[in-house]
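Have the model open beside you as you read.

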Amino acid sequence: MKGLFKGLGVTFKAMTEKKVTTSYPDEPIVMPDRFRGIQHFIPELCIVCNQCARICPTDCITLTGKLNPDPEKKGKVIDTFDINFEICILCDLCTEVCPTEAIVMTNHFELAAYSRDDLFKDREWLHNNNTKVREDNNNIGAPQGGKGGAK
Amino acid sequence: MIRTEELLLNVGPQHPSTHGVFRIIVKLDGEVIIEATPVMGYLHRGTEKLAEDLSYTQIIPYTDRMDYVSAMTNNYVLVHAVETMMELAVPERAEYLRLVVMELQRIASHLVWWGTYLLDIGAMSPFLYAFRDRETIVNLFNELCGARLTYNYMRVGGVKWDASDAWLDKVRDFIPYMEKKLIEYDKLVSGNEIFLARIRGVGAYDAKTAIDYGLSGANLRCTGVDWDIRRAKPYSLYDRFDFDIPLGTNGDCYDRYLIRLEEIRQSLRILTQALQQFPSGGETMGKVPRVIRPPAGEVYVSIESPRGEIGCHIVSKGKQEPYRLKFRRPSFVNLQILPKLLVGETMTNLITILGGIDIVVGEVDC
Amino acid sequence: MSEEKERPSEQAGTEAKQETEAHTADSPPEAPKDPEVVEKNESSAAHETKPSAAPVDPEREAKLKAAAEARAARAAAKAAAEGGQPSAPDATAAPVDPEREAKLKAAAEARAARAAAKAAAEGGTPGGTSASAGETPAEPKAPSPKQPELDELLVHLRTQVGDSAVEEASINELNGHMPMLTVRPEQWLAAAQTLRSTDGGTFDYLRNVSGVDYETHLEVVYHLVSLVTKREATIKVKTNREQPSVPSVTPIWATANWNEREIYDLLGVAFPGHPDLRRIMMPDDWVGHPLRKDYVSLDSEV
């Protein structure tokens, strides 16, 4: 019986400890800066190098580019950019290899939708998703990007 | 006159105590099991086949999802295999970070095991306590690499993110907190008479059976065989630290329980030493070619995950993708002893024994 | 003996070419797949069909040399074909290639020297013609630290099981110099028995059994370790593709039970002597063996 009473002693002591339950969703959870949430896309910076589509492990990024309409400049600009969030695993490899940091993660993680069509995010939506953007990107692909983003 | 008939009972695949989608077809005579046949494959996602089309960096997120309770060790085994093949040197700071993270992961994984095992046996409070303490660790990982379960943290040649000094201090604060909690867990459960009656002497086997069946981790050490890969074939920096390997004597569920709790204590010891020895500066990524192409050949490395020996066998033809990638999953191999142990046991002991083996079905099916 | 081996391997080589070409044609259309990647696949398929001499070591060196040459040719072609593509990621790839090529050449030469030294030392292996493969022997490489272990295993297997049991023996340098032996399927059961015994090395712990599908044949790889002496060994057993069959070692190491079931399920290798050989991962009524290279899945969406 002694073991049982010792155990009960522990549970009674636990009643006096501080509560650790948070009342989400009334109280929103603040994620740390490095959290990998849904992406934010900046079309002006994209150079259509295709690295993000190549590195994606689940092939969820499809993009097309067109020649720069400005006759002075060379290169391509982005035309369409879609991410299929049914299969995106938020692994962060696309932001890691982007040479211009055109695609970055935000801290949004509430992605539930009522229909599967809502999960196919296009360029407009990704561009407008510009709150809570992640600051510390540790972009290994960018030429001047730092290796090891120590805060 | 009472006549009993043999009953064929299906435990799972949807069952709260089978630790995932796992099915056991049990032939019962009353409450005694005559024969048990495990059926698996409900979570088979074809990781090994997919890996033949992906480069090594792309496979790392897939390894997270194999043993999802202990993702850091899965990351490490793949990255270690590629680094062994290419003979890459990993900078010291990166190696220390990897070790700290792997030991924290071991504690988190054993906490999940402890909480769910006791929940299966019938106790509700330990589950909540275990998950409360695991939240601290998972929040630490969230701050470090941006995810709570599927970290995608290690890369070939180093780690992706560096840890700030504030983060290291948080880990240092966690260690005494966890040690205090372990004493509380002991008081709560380990002396409890009901618990002891349910667990002592259940599911016992001897050392020869364990070696024959290729068991690893706590399942092997509960019989007294001193085989821990961190000690026997050290990898990473484990030869720099002073820690004990807990061993059992009887080979029953109680020994496995005690060993795993003791392993948490030893992990805390390793963490203390690692944080003392932590280098103050250094790179987090070594000198890695832009495109990772291991030379042609094959390699097999294995490390000690919380569940046992996890191994990675890569056959490479010199390309960016592996030709064949096979993971030796500890839960898959450890589960083989289940049909043998269950013969003659009662139904209640089935849950006790299955929980004691500590499986994660994502790993059983790969 | 070497001529017999040459003809089926050439035939298998052409089969391999057809299979790999079909494979690249069938590969699922990914979102913009670069022409460079497809080019790489084709050129690697092309050089796999080079006629190979009987023993493996010079064959591997020849392949590596061909791979290095193909890579250099590809790099040159890429540099020439580079148009308006953003060259930032590709430009850094080009200077690495000649460096790696040189390293591969040096490694190939060193391996030739080692093969020559080993052939001279052993002299009894069926692949005794390795020294005359025509490679220039460079400075003799230092013998591997695990070479005596390998020799011990070889001697023991030859005396206990038979002279023809071991097809090849080498040291896998990539894997911490692990002794690697290839055993014939007919003698595998006897060889496993003797490896488990005390004078055979006490390999009591079978760590891992993997099946590999090389397009010409199938192979089952066993990784063993001795808990007593802490020595490791890798044993390979090769079998053909039409009727693959390797004797089951479940009576010797019980852990092989489910491992062999998995290999049977995913690759189709039969294990005569296995107590309960049926599918383990796939549903019981599945047709086909998914992990094979020529497996066509019913659901092309994946």
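## B:V100 in its helix

Let's start with B:V100, which is buried at a relative accessible area of 0% (buried means under 20%, exposed over 50% and partly exposed in between, with a 1.4 Å probe and protein chains only). B:V100 sits in helix α4 of chain B, residues 92-121 (helices are DSSP runs of H or I with at least four residues, strands are runs of E with at least two, and both are numbered from the N terminus). Setting aside neighbours within four places in sequence, B:V100 touches B:W167, B:L271, B:A274, B:L275 and B:F278, where contact means heavy atoms within 4.5 Å. As for B:T249, 149 residues away in sequence, its C-alpha lies 30 Å from that of B:V100.

A word on the ground rules: this is a predicted model, where local features need pLDDT of at least 70 and side-chain atom pairs count only at pLDDT 80 or more, while totals for chains, interfaces and linings use all residues. Residues are numbered from 1 along each chain as its sequence is written, chains are lettered from A and ligands numbered from 1 in the order written, and side-chain values use heavy atoms, with hydrogens and water left out.

B:F127 belongs to helix α5 of chain B and is partly exposed, with a relative accessible area of 25%. Beyond four places in sequence, its contacts are B:G115, B:T116 and B:L119. B:T116 is 11 residues from B:F127 along the chain, with 6.0 Å between their C-alpha atoms.

B:T352, in helix α14 of chain B (residues 347-357), is buried at 1% relative accessible area. Its side chain makes a polar contact of 3.3 Å with the side chain of B:R198 (a pair of N or O atoms within 3.5 Å; within protein, one must be able to donate a hydrogen and the other to accept it, and residues adjacent in sequence count only if both atoms are side-chain atoms). Apart from neighbours within four places, B:T352 is in contact with B:Y117, B:I121, B:R198, B:I199 and B:C253.

## Where B meets C

Chains B and C each bring 51 residues to their contact. About 4,500 Å² is buried between them, with 53% from carbon and sulfur atoms (buried area is the accessible area, 1.4 Å probe, that two parts lose on being put together, summed over both). On the chain B side, B:E298, B:Y300 and B:Y323 supply 14% of the area buried against chain C, more than any other three residues.

On a 1 Å grid over the protein atoms alone, a pocket is an open set of points with protein on both sides within 12 Å along at least five of seven lines, a cavity is a set where a 1.4 Å probe fits but cannot get out, and lining residues have an atom within 4 Å of a point. Points are joined across faces, edges and corners, and a volume is the space filled by probe spheres set on them.

Of the 25 lining residues, A:V20, A:T21, A:T22, B:R132 and B:E135 are closest to the pocket's centre. α5(B) gives the most to this lining, with 8 residues.

The whole structure holds 7 cavities of 30 Å³ or more. The largest has about 110 Å³ of space, and A:C46, A:C49, A:N50, A:C52 and A:C98 are the closest to its centre among 16 lining residues.
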